Every structure is written in structure tokens, then in C-alpha cells.
Amino acid sequence: MLEKVEKLSAQQVTTSTLIKKAKKRKEILTIVGFIAPALIVYGVYVVYSIFMTFYYSMFDWSGIDKNLVFLGLDNYIKLFQDDIFWKSLGNNSLLVITSLLTQIPLGLIMALLLFSPIRGMRFFRSIYFMPFLMSTVAIGILFIFIYDGNFGLLNGLLGAIGLESLQQAWIGNEQTAIWAVIATVCWQFAPFYMILFRAAIVGIPEELYEAADIDGAKKWQRFKNITLPLLMPIIITSSILSIIGSLKYFDLIYVMTGGGPNNSTELMATYMYRQTFTNFNMGYGSTISFSMFMIALGVTVVILLGDKRRRGEE
Amino acid sequence: MKKKLMFLLVLVSLLFVVACNSTSSGSDSEKDNTDSGQETGSSSENNSGESKGDSGADKTLTLWHIETGPSEEAINQAVERFEEKNPGVTVEVSQIENDPYKSKLSVAMGGGNPPDVFHSWGGGWLKQFVDAGQVREIGNDIDTSIYNEAALSVATFDDKVYGAPVSMDVVPVFYNKDIFAKYDLEEPETYDELLTIVETLESNRIIPFTLANQSKWTGSFYMMYLAERFGGPELFNEAFGRTGRGFDDEAYVKAAEKIQELVKMNAFPDGVNGMNYDTGQSRQLLYAEKAGMQVMGGWLLNNVRDEMPEFEDKLGFFLFPAVDGGEGKKNHVVGGVSPVFSVTKSSENPDLAAELVKELASVETAEYMSNKAGSISAVNGVEYEDPYIQKMSDVLANSEAMQTYYDQTLPPELAQVHLDTTQALFGLSMTPEEAVKKVEEKAKELLDK
């Protein structure tokens with residue numbers, strides 16, 4: 001409404017349509033001027049790169065010479081028959097699920113804890129946030145030593161409390177390696193969601209809680225009926241971040257296990273890296289990258305559509 | 001208004017253009033200024049009319065290597081000598097960790113900004129870059145006659161020399177003399193004696209072999225040695241050259257079986273496949289005297305001198321023993337050449353880069369490396385002060401055959417399969433037959449062309 005009024009009055013003021021056109025052109029120019037820098041960067045480093053990845057994925061190419069052999073979609077056929085790719089996709093799904101089930105609840109719990117009246121809150125706040133501040137490589141190497149089978153901290157702890165039977169080489173064992181790494185990933189990222197939730201909780205109006213108190217609401221009811229519903233948008237955003245992040249995850253795996261032992265911790269991104277830079281298969285590596293992109297895109301679209309429908313229902 | 005806006009746009013785009021170019025032109029002109037100042041001050045004999053480009057001044061070469069400890073010192077000294085001989089030329093040295101180096105270099109080669117001079121191990125890995133037209137032939141720039149023939153051969157493809165070797169290594173079995181003395185053990189002559197040692201150590205709660213097999217090339221030593229001991233020195237050459245036995249030969253199956261036999265005897269630490277050589281996890285067990293032996297290249301001595309010098313007194317070595325009924329002998333060694341220095345084709349100063357390679361692969365560097373870092377010189381005419389290295393060098397001189405590392409000789413993709421399957425063997429997640437079949441399949445795909 002307000003806009004309409006403004007427009008009407010503007011129309012009254014400007015008598016000539018010529019001036020109006022000139023003004024509009026200027027407006028467009030201003031808009032372009034502001035958008036262009038970001039658009040150029042985005043275009044070159046995202047849109048163009050995605051297109052080029054798809055282009056390279058149709059070739060047999062080592063990545064270090066000028067000898068490209070056109071294969072069409074052969075690389076994609078090869079990919080669908082590649083056991084290691086399916087294994088890595090499975091590991092990625094596992095990471096997505098565990099991240100959703102641990103990082104976000106853990107982040108929420110830590111955020112709620114920070115609002116409870118405990119002494120030394122500032123201390124806990126710093127401690128909780130610490131993992132996120134450390135460099136990934138440092139975390140990786142730290143946990144390599146924690147998980148070490150022969151003199152690792154974890155085995156030492158287990159021994160100290162009489163659980164020698166559980167002692168093992170956590171990242172050297174094909175069955176436990178993926179869980180060990182996933183635990184580290186969750187440890188690293190839970191604080192990130194804690195910060196998001198903390199900010200969101202601060203934004204919930206105090207009046208709602210006061211009203212709830214007057215109505216005689218218990219703590220759990222306050223959480224269930226006020227905090228959680230109002231946090232829903234941020235929980236959904238966090239879930240999307242977590243899912244996408246897990247689908248393209250790379251760094252800790254690369255540092256801690258390199259995808260091993262025997263591909264048991266291979267993720268799509270580490271497999272792509274290995275094919276591209278260790279095996280000199282730039283073409284096949286691009287095929288993996290592009291498939292990763294399509295999978296992440298598909299998942300995002302599904303989540304956004306689901307969210308839209310949910311909002312529509314409300 | 002409009003004019004102002006246009007002016008702003010022009011200004012912004014100008015800034016953009018300037019910002020993009022400044023890295024190349026801006027810094028160059030700065031250097032020109034400072035260097036011309038130095039020239040007039042110091043080297044007055046220089047013809048003032050000569051253009052700066054020709055005088056060899058204000059040039060930068062980049063060098064990438066992976067040496068640590070005393071070997072790194074040897075590289076730095078060589079660079080200093082080079083800079084003294086070539087005033088005005090600076091060398092930017094980057095020391096990179098072993099495993100990341102391999103991918104970093106291939107990214108740089110693919111991205112078109114590789115260093116001028118780079119480290120390699122010769123073999124299939126270097127050949128990959130040679131085939132891609134990224135490496136300069138330097139046979140005419142360096143004096144090839146000063147190098148050990150076997151060492152030079154790893155950087156020679158189609159009779160063209162693409163790199164200069166500095167030192168060589170052999171892979172013996174290192175052991176802790178104190179532990180051997182304590183349990184009354186002697187250096188083994190046969191594989192059965194080695195197995196007895198493994199049993200003795202194991203029953204005394206000492207890990208027989210320490211091994212960090214997340215790095216994969218570390219476990220590959222066992223595969224290479226056992227396969228050679230069963231199939232003889234020609235086995236690998238036949239499989240690689242596709243002229244006889246293949247990678248699925250019985251000798252490979254037997255070697256794989258022996259590895260799994262060792263694993264089942266608890267000859268290796270728990271979780272070998274999760275331990276990383278670069279972070280020192282296997283060496284810690286050796287230093288802490290929790291482990292008795294380690295099959296490792298001569299560079300282990302370099303690591304020991306760097307990390308725990310007092311341990312050197314306890315460190316002894318013997319050669320991997322022969323197996324009964326096998327074709328290989330105890331004096332056939334697994335070994336390799338490292339570092340080999342090569343010049344990239346895209347180098348803007350190829351002559352200077354070749355000079356740098358000459359200095360890096362000179363007698364001085366090789367001598368320093370041999371005496372301080374425990375590697376055998378690939379340059380002829382080095383005198384060893386270190387009795388240890390003299391002993392190693394004698395081993396190499398007395399050996400009848402040398403097997404170069406598979407993972408550096410084979411094309412990278414095949415090497416990766418060899419490493420992956422060997423790691424899986426150690427993890428008992430693949431049977432010997434499966435493992436050798438996988439390698440042979442890949443070899444057929446890549447080598448039978």
C-alpha cells in the first residue's frame with residue numbers, strides 16, 4: 001500500500017514521461033552496478049566451474065597434458081558400476097544421518113545449557129565453542145593420536161576404567177574407522193549449531209515465557225510449546241547446512257584416514273580427489289564431482305520443497 | 001548525477017583491472033628498481049648499456065622438495081652456493097610433506113604454475129609428467145657421466161635424461177640391538193629364522209615389526225621383498241613389461257599369503273592400517289622399545305638422528321632373508337633413488353634452472369647428504385665419513401639385483417591398486433588370490449595397449 005501511494009505521488013510530481021524513462025534507466029544501471037561484482041565472481045567461480053566440470057567429465061583426460069579423448073557419457077556408466085563410488089556414497093549418507101541426529105540435537109542441548117543458571121557460564125561457553133575454533137588439520141592429527149591403538153588416549157581411558165575388552169585400533173580397523181571419524185566430525189561441528197541456536201533463542205521474546213509462567217507451564221512445556229516451534233526455521237536451515245556439508249565433506253577424512261583402510265572411510269569428495277590427483281584421472285574425477293553436485297542439488301531441492309509444503313500447511 | 005555514476009563505474013572497473021594486473025607487473029617494476037640500484041652499487045664491471053634481463057639479475061626460481069632434517073640442510077646449502085654463483089637470482093625454496101607433495105605438484109602442473117625445479121623419485125611418477133610434456137630434457141645441460149648408472153636410469157626415458165639423482169636408498173630390516181641381545185636373538189639368515197624371531201618377540205609382548213600402513217608404501221616393502229624372494233629378480237620386470245609372468249603369478253600369491261601369515265602371528269601393531277608414517281606413529285613404537293624391528297628405507301637413520309639421536313647406538317640392520325625354495329637371494333635389495341631433481345618445461349629460466357639442478361645434484365650435496373642423513377650417494381666420487389653409510393653403500397655395491405619401489409616405478413593408477421590391495425591384505429579384508437587378481441586386471445587395462 002505504502003509503495004502505491006509513493007508511486008502515485010511521484011507520478012504527480014513528474015510531468016514528463018521522458019524524464020521518467022531516463023530515471024528508470026539510471027535505476028537499472030545502479031542496480032547492475034551493485035550486482036555486477038558479485039555476479040561476475042559467482043559466474044566465473046561457480047556457474048562456469050560447474051559447466052566446465054560437466055564438460056571435462058565427458059573426456060578421458062589426465063589433467064596435466066593437452067590430450068583429451070572424448071568419451072561421451074562413458075564415464076557416467078563406469079561410475080554407476082564402480083563399487084568404491086557406491087561405498088563412498090553410502091558413507092556420505094551415513095555421515096548425513098549421523099550429523100543430523102547428533103550435531104543438531106547436541107548443538108541445541110548445549111545452547112539450552114548455556115541459558116541455565118549455572119556458575120561459570122562464560123567458561124562453559126568458551127569451552128563448548130573451542131572445537132569449532134581449531135583448525136581441521138590440527139583436530140585430525142590430535143584425534144589420530146587419541147585413537148592410536150598402541151598408546152592412544154582413548155584406549156588408555158578404556159583401560160583405566162576396566163574396559164580393556166573394548167580397546168582397539170580405532171582408525172586402523174575397517175569396522176570402526178568410519179565411526180571414529182564421524183565422531184570427530186560431530187565433535188567439531190556441534191558448536192557451530194550451538195552458536196546458531198543460541199542466537200535464535202536470544203531472539204525469542206521474553207513475554208511469551210512470562211505468559212507461559214502465568215499459565216503455570218512447566219519447564220518441559222515451555223520448551224515444547226514455545227522454544228522448539230520458534231526455533232523450527234533455524235533448525236531447518238541448520239539441517240540443510242548439515243546435509244550439504246556432509247555430502248561434500250572432505251578435510252578430516254583426508255587428514256585422518258585418507259579414505260582408508262581399504263576404502264572403508266572413503267567419501268565422494270576424497271574419492272574424487274584420489275582419482276583426480278593421485279591417479280591422474282581428471283575426466284573421471286570430474287564425473288564424480290558433477291555427480292556430487294547433482295546429488296547435493298537434488299537433496300536441497302527436495303528439502304526446500306518439503307519445507308514450502310510444511311509452511312503452506314501451517 | 002549520471003556523470004557521477006559513470007565516473008564511479010569507470011573508477012571501479014579501473015580498480016578491478018589494476019588489481020588483477022598488479023601481481024605480475026607491479027611487483028616486477030618494484031624489483032627492477034631495487035635491483036638496478038644494487039647493480040650500480042656493487043657490480044660496476046657490468047656493462048651499463050646491457051639490458052637487465054640478460055645480466056641474469058632480478059630473477060626468481062622456485063624449488064619444491066620434501067627433504068627433512070640434515071637432507072633439508074644439504075638442499076639449503078646447495079641453494080646458497082647457487083645463489084652465490086649467480087648473483088641477483090633468488091631461489092624460493094618450499095619444503096612440503098611427503099604425501100601432500102605428490103598431489104600438490106600434480107595440481108600445479110595441471111594448473112599451469114609449477115615450480116622451476118622439482119623433486120621426484122624418477123620412475124613411473126616422473127614419466128607421467130614427461131609424457132604430458134611438462135618436463136624438460138636436461139641430458140645436454142648436465143654432465144651425466146658423474147652419476148651412478150642405476151640411479152640415472154630411473155630418470156631416463158627413451159634414452160633422454162629428465163632428471164639428476166642425488167642419493168639412493170636401500171631397504172633393510174632395522175632392529176633394536178638391545179632387544180635382540182636381551183632375548184638372545186641373532187640376525188636371521190633364513191626366513192624361518194626370521195619367523196622364530198617374530199615368535200620370540202611376540203611371546204615377550206614386544207611387537208615384532210612396527211609398521212605405519214596408512215601410508216601404504218610402508219607395507220608395500222613386505223610385498224616387494226617376499227615376491228622377489230619367491231619369484232626372483234625378474235618377476236617384476238616380466239610383469240611390468242608384460243613379457244612372461246604377470247602380477248597374478250604364484251609368487252605374488254605366496255607373498256600375499258606370507259603377509260597374512262605374519263598378520264595372524266601378530267607380527268604388526270594393532271591397527272597398522274590406521275597409523276601414519278609422516279606423523280611418526282610407527283617410529284614412536286621403535287623408540288619406546290615397544291617394537292623390535294622395522295622394514296624401512298635407509299632414511300630411517302635420518303629420522304632417528306632428527307627425532308631421537310641417542311637411539312642410533314641401538315639401531316642395527318640386516319637384509320631381508322631368503323625363503324626356502326624361492327628364486328630370490330638375500331643380497332637382492334629393494335631400493336630407490338631420491339631425490340631426483342628435474343626442470344619443468346614451463347620454466348621461464350630453463351638454463352638457470354638446469355644450473356640449479358646441477359648444484360643440487362653435485363658431489364658436495366651428495367656428500368653432505370650421505371654423511372649426515374644416511375643415504376647412499378648417487379653421484380660418483382663421494383667419500384663416506386660415516387661408517388654406517390659405508391656399510392649401506394657396501395650392501396648396494398655387493399647386491400646382485402636392485403628392485404626399485406613398485407609404487408614409483410608403475411604408472412600411478414596401477415601403483416595405487418598395488419598399494420590399496422596390499423593394505424587390504426594387511427587388514428585381512430582381501431584374500432591373496434583376490435588381491436593379485438585385482439592388480440593384474442588393472443595392469444592388463446593400463447599396460448597391454
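This note goes through some pockets, cavities, helix packing and backbone details of a predicted model.

1. The second largest pocket holds about 900 Å³ of space. Its lining is made up of 37 residues, and those closest to the centre of the pocket are Tyr254(A) and Gly258(A) from one chain, with Asp99(B), Pro100(B) and Ser103(B) from the other. Two or more lining residues come from each of helices H6 (136–147), H11 (251–256) and H12 (268–278) in chain A, and likewise from each of helices H3 (98–111), H16 (406–409) and H17 (412–426) in chain B.

2. Sorted by class, the lining of the second largest pocket has 15 nonpolar, 14 polar and eight charged residues. Within chain B, residues of the lining are given both by domain 1 (60–166 + 338–378) and by domain 2 (170–335 + 400–447), so the pocket lies between these two domains.

3. There are three cavities of 30 Å³ or more. The largest cavity, with about 80 Å³ of space, has a lining that includes Met223(B), Phe247(B), Tyr252(B), Tyr406(B) and His418(B). Helices H17 and H18 (432–447) of chain B are the elements that give two or more residues to this lining, and H17(B) supplies the largest share, namely four residues. The lining of the largest cavity counts eight nonpolar and three polar residues, while charged residues are absent from it.

4. The second largest cavity has about 40 Å³ of space, and its lining draws on both chains, with Gly258(A), Gly259(A), Gly260(A) and Arg274(A) among the residues from chain A, and Lys216(B), Asp420(B) and Gln423(B) from chain B. In this lining six residues are polar and four are charged, and there are no nonpolar ones.

5. In chain B, helix H2 (residues 69–85) packs with helix H13 (residues 350–360) at an angle of about 135°, and the axes of the two helices are 9 Å apart. At that angle H2(B) is therefore oblique to H13(B), and the crossing of the two helices is right-handed.

6. Two points of the backbone in chain B deserve a look. The peptide bond that joins Ser338(B) and Pro339(B) is cis, with an omega of about -5°, and Pro339(B) sits in the loop between strand E12 (332–337) and strand E13 (340–343) of chain B. Asp184(B), although not a glycine, has a positive phi of about 60°, and Asp184(B) belongs to the loop between helix H6 (177–182) and helix H7 (191–203) of chain B.

Terms used:
Residues numbered from 1 in each chain as written. Chains lettered and ligands numbered in written order. Predicted model: local features only at pLDDT ≥ 70, side-chain atom pairs only at ≥ 80, totals over all residues. Heavy atoms only, no water. 1 Å grid on protein atoms, 1.4 Å probe; cavity = no way out; pocket = protein on both sides within 12 Å on 5 of 7 lines; lining within 4 Å. Points joined across faces, edges and corners; volume = space filled by probe spheres on them. Nonpolar A, V, L, I, M, F, W, Y, C, P; charged D, E, K, R; others polar. Domains from an automatic or database assignment. Axes fitted to C-alpha atoms, helices over the stretch in contact; angles between N-to-C directions. Parallel < 35°, antiparallel > 145°, perpendicular 65-115°, else oblique. Left-handed = near helix turned anticlockwise from the far one by under 90°.
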